[in-house]
Amino acid sequence: MKPISIRPADLARPHVPLLKPYVPGLQPAEPGWIKLNTNENPYPASPRVVEAIGREAAADRLRLYPDPGSSRLRSALAAHHGLAPENVCVGNGSDDILNLLFRVFCDGEQPAGFTVPSYSLYPVLAAIQDGDVVKMEFDRSMDLPIDRLASCGATILFLTSPNAPTGVGFPASMLGDLAQRFPGILVLDEAYADFAEGNAIGLVREYPNVCVTRTFSKAYSLAGLRVGYAMGSESIISLLDRVRDSYNVNRLSQAAALAALEDQAYFEETLRRVKNTRDWFQRELVERGWYTYDSQTNFLFTEPIDEDGRAGPEVALSLFEHLQENRVLVRYFPKHALTRSFLRISVGQESEMATLNEHIETWTGSE
Ligand SMILES: Cc1ncc(COP(=O)(O)O)c(C=O)c1O
């Protein structure tokens with residue numbers, strides 16, 4: 001018998017065949033690259049993480065489903081941040097948490113707001129919902145446009161704080177002001193807050209409309225295991241728990257994140273090294289005369305200047321390509337006027353940044 005003739009795309013919800021998936025930074029399959037393009041940690045996770053994974057695997061528990069609520073990790077995170085377990089929801093990376101927030105709060109009638117530039121996953125998650133969006137542009141200062149944000153009319157507002165790809169941090173007092181004035185859910189995506197001087201966790205205790213998201217991918221070096229979490233009022237967290245997969249965080253990831261959290265001495269030491277390298281490299285860029293935002297993250301956003309003293313999209317692209325030819329990966333965002341003259345450089349180990357410096361020098365012809 002001939003199979004029925006069906007085109008699955010004709011049966012999909014009409015917006016789905018038109019979706020453009022998120023484009024992650026390149027993950028080269030072969031070794032030999034200096035990888036400064038996806039803001040991973042250049043240092044390994046705590047040795048206790050590997051032990052914990054080994055113990056979990058050896059204990060004949062992999063055939064059992066994981067704890068559906070990640071309850072030990074949830075309680076440990078709550079205690080770590082001075083909150084109750086009811087204020088925490090753990091996800092398969094913070095992308096999972098962001099996705100849940102879009103699913104709960106955004107559709108064709110309830111718009112999601114975000115700034116431009118910020119994390120480029122937000123518009124993708126809104127599009128999957130077939131949801132409306134409100135975009136608010138920064139200007140080159142990258143100062144928070146508080147009045148526009150407060151009155152943007154979105155149901156849920158996503159603010160990357162510190163911002164990506166610029167690395168710029170926002171004062172907690174300003175975020176508190178926004179939480180007070182914005183009549184919707186304010187999500188503060190703190191993927192990089194471990195590298196910053198301040199954070200907004202205090203606002204979770206004060207404002208029932210604030211949700212702070214965090215990740216183990218950056219400062220805890222666990223990007224490969226996918227663990228993130230949300231902190232918010234009981235009411236926000238119970239909504240997220242209603243829509244998440246029941247087993248959204250696997251056994252090994254729960255054990256690993258718990259071990260990483262418990263090894264704060266290792267965490268602090270890794271953080272110190274990354275921040276020292278960041279501050280040194282930022283000074284290098286500034287000494288070159290390249291416009292570079294003050295970074296509160298583990299990456300630097302800088303506007304390269306070529307040997308003729310020019311900056312601009314062609315110049316940024318030229319350095320990007322030169323680095324790629326030399327097996328150094330950084331990130332270039334050509335689509336927006338505020339980003340296309342810049343490159344985003346993740347902070348690597350000191351030796352990797354020194355090699356990057358050498359390649360920059362061959363490019364500028366100063367060697
Ligand atoms: C601003 C921002 N939020 C969230 C994430 C996602 O982190 P995770 O690995 O926890 O999904 C990233 C990853 O690069 C990010 O840059």
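Which residues of helix α3 (residues 71-81) are buried? The legends below start from this view. The structure is a predicted model, in which local features need pLDDT of at least 70, side-chain atom pairs count only at pLDDT 80 or more, and totals for chains, interfaces and linings use all residues. Residues are numbered from 1 along each chain as its sequence is written.

**Figure 1. Buried residues of helix α3.** Leu73, Arg74 and Leu77 are the buried residues of α3; a residue is buried if 20 or more other C-beta atoms, placed from the backbone, lie within 10 Å of its own, exposed if 12 or fewer, and partly exposed in between. Helices (H or I, at least four residues) and strands (E, at least two) are DSSP runs, numbered from the N terminus. The three residues lie on the same side of α3, because they cover an arc of only 100° around the axis, the arc being that of the directions from the helix axis to the C-beta atoms. An α-helix has 3.6 residues a turn, so residues three or four places apart point the same way. The cover over the buried residues of α3 includes β2 (88-91), β8 (228-232) and α10 (251-262), where contact means C-beta atoms, placed from the backbone, within 7 Å. Gly82, with a positive phi near 70°, follows α3.

**Figure 2. The shell around the ligand.** Gly93, Ser94, Asp95, Thr215 and Ser217 come nearest among the 13 residues around the ligand; a residue counts as near if its C-beta atom, placed from the backbone, lies within 6 Å. The shell divides into four nonpolar, seven polar and two charged residues. Here Ala, Val, Leu, Ile, Met, Phe, Trp, Tyr, Cys and Pro count as nonpolar, Asp, Glu, Lys and Arg as charged, and the others, Gly among them, as polar.

Figure 3. The protein chain is divided into domain 1 (9-44 + 265-364) and domain 2 (47-263), with bounds from an automatic or database domain assignment. Their centres, taken over C-alpha atoms, are separated by 23 Å. Domain 1 puts 32 residues into the contact and domain 2 puts in 29 residues. On the side of domain 1 that touches domain 2, α11 (264-287) and β10 (299-303) are the elements that give two or more residues. The most come from α11, with seven residues. This side of domain 1 divides into 16 nonpolar, ten polar and six charged residues.

Figure 4. Most residues other than glycine have a negative phi, and most peptide bonds are trans. Val116 and Pro117 are joined by a cis peptide bond with omega about 0°, and Pro117 sits in the loop between β3 (112-116) and α5 (121-128). Another cis peptide bond, with omega about 5°, joins Ala164 and Pro165; Pro165 is in the loop between β5 (156-160) and α7 (172-181). Met142, not a glycine, has a positive phi of about 65°. Met142 lies in the loop between β4 (133-137) and α6 (146-150) and counts as partly exposed, with 19 C-beta neighbours inside 10 Å. Ser221, also not a glycine, has a positive phi of about 60°. Ser221 is found in the loop between β7 (210-215) and β8, and is buried, with 22 other C-beta atoms within 10 Å.

**Figure 5. The open sheet β9-β10-β12.** Three strands form this sheet, in the order β9-β10-β12, with antiparallel pairing; two strands pair if DSSP finds at least two bridges between them. β9 (291-292) and β12 (343-346) stand at the edges with a single partner strand each, so one side of each has no neighbour in the sheet. Antiparallel β10 and β12 are joined by four bridges. Phe299 has Ser346 of β12 as its bridge partner.

Definitions and conventions: Two residues are in contact if their C-beta atoms, placed from the backbone, lie within 7 Å.
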